[in-house]
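Open the model in your viewer and get ready to select. This short tour goes from one stop to the next.

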Amino acid sequence: MLSGDPWLPRPFRVVAVRSETHDTITQVIEPADGQPVPTYLPGQISMLGVPGVGEAPISISGDPTGNGSLEHTLRAVGSVTSKLAAVEVGGFVSVRTPFGTPWPVDAARDGDLLLMAGGIGLAPLSPVIHHVLANREHYRRVILLYGARTPSDLVFGSRLDRLAFAEAIEVAVTVDRADPDWLRDVGMVTRLIGRVGLSPSATTAMVCGPEIMMKAVARDLLGRGVAAERLFVTMERNMACGAGFCGHCQFGPEFVCKDGPVFAWPRVADLLQVPEV
């Protein structure tokens, strides 16, 4: 929980910026008001703002065990995110956090954990990876399958290599279009599922990416026998207030900012089949 009123934005100072792709950065921020960093769970989001510009919902992508800072990985695609991405080290952003439902990391214990991401969808799953590495003895197999459009669109590239080298997590990466230096898989991320030898009855799956990708992954996993109630997705809809008041992120009867962003598949499966919802 935040110190004081959780609905009031707090000033945070940018202490580091890491470039991930040509339009995506990871921004590391620390409190500038003397208060501690709020506790959060993997999968929760922040409302990040630039005074006079507005706020945008951004998934927290750092280590939830806490180190005195917050990390957010964001793509500069709109007026607010472009301004956020332009804040240099030493500059300030406003923060309201944490909001939303987390990934069910505790419910996944003692079984296999499958993480599947597309593009920047790896960012909301990054805190799960941190959590698993800190609690590795509580999970059996941990598998990360990750896809992007091109090699230059992969986020956390060096970190993925370190994970694969350490062998604490099984990592497979694919791209839709390769370049001459790419020596890994080419094709949809779903094509990797058949290679890993899932134990469906023991598997919890957590998926984040474009909705068309999540639907394809869900069809594949359900067809292999993974239980629908053990399949989770995170929805990146147009959140504005973080409290379910404004209605911008309404998704059928759900409000992504307060009922999500993480949903068990049965709660959203039918809604994702309806055009324009």
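**Stop one: helix H2**

Select helix H2. H2 has 13 residues and spans 18 Å from its first C-alpha to its last, close to the 18 Å expected at 1.5 Å a residue. Keep in mind that this is a predicted model.

Is H2 mostly covered or open? It is mostly covered, with ten of its 13 residues buried. Colour the buried ones: among them are Leu122, Ala123, Pro124 and Leu125. Ser126, Pro127, Val128 and Ile129 are buried too, as are His131 and Val132.

**Stop two: where H2 meets H3**

H2 passes H3 in a left-handed crossing. Show side chains at the contact: Leu122, Ser126, Ile129, His130 and Leu133 from H2, facing Arg159, Leu160 and Leu163 from H3. By class, that makes five nonpolar residues, two polar and one charged.

**Stop three: the largest nonpolar core**

Which residues have the most contacts inside the largest nonpolar core? Select Leu145 and Leu221; the core around them has 35 residues. Elements giving two or more residues to this core include strand S3 (45–50), strand S7 (112–118), strand S8 (142–148) and helix H4 (211–223). H4 gives the most, with five residues.

Zoom in on Leu221. Leaving aside residues up to four places away in sequence, Leu221 touches Leu114, Ile193, Leu198, Ala205, Val226 and Leu231.

**Last stop: another core**

How values were computed:
Residues are numbered from 1 along each chain as its sequence is written. This is a predicted model: local features need pLDDT of at least 70, side-chain atom pairs count only at pLDDT 80 or more; totals for chains, interfaces and linings use all residues. Side-chain values use heavy atoms; hydrogens and water are left out. A crossing is left-handed if the near helix is turned anticlockwise from the far one by less than a right angle, and right-handed if clockwise. Helices (H or I, at least four residues) and strands (E, at least two) are DSSP runs, numbered from the N terminus. Contact means heavy atoms within 4.5 Å. Ala, Val, Leu, Ile, Met, Phe, Trp, Tyr, Cys and Pro count as nonpolar, Asp, Glu, Lys and Arg as charged, and the others, Gly among them, as polar. A nonpolar core is a set of buried Ala, Val, Leu, Ile, Met, Phe, Trp, Tyr and Cys residues joined through side-chain atoms within 4.5 Å. Buried means under 20% relative accessible area, exposed over 50%, partly exposed in between (1.4 Å probe, protein chains only). The expected span of a helix is 1.5 Å times one less than its number of residues.
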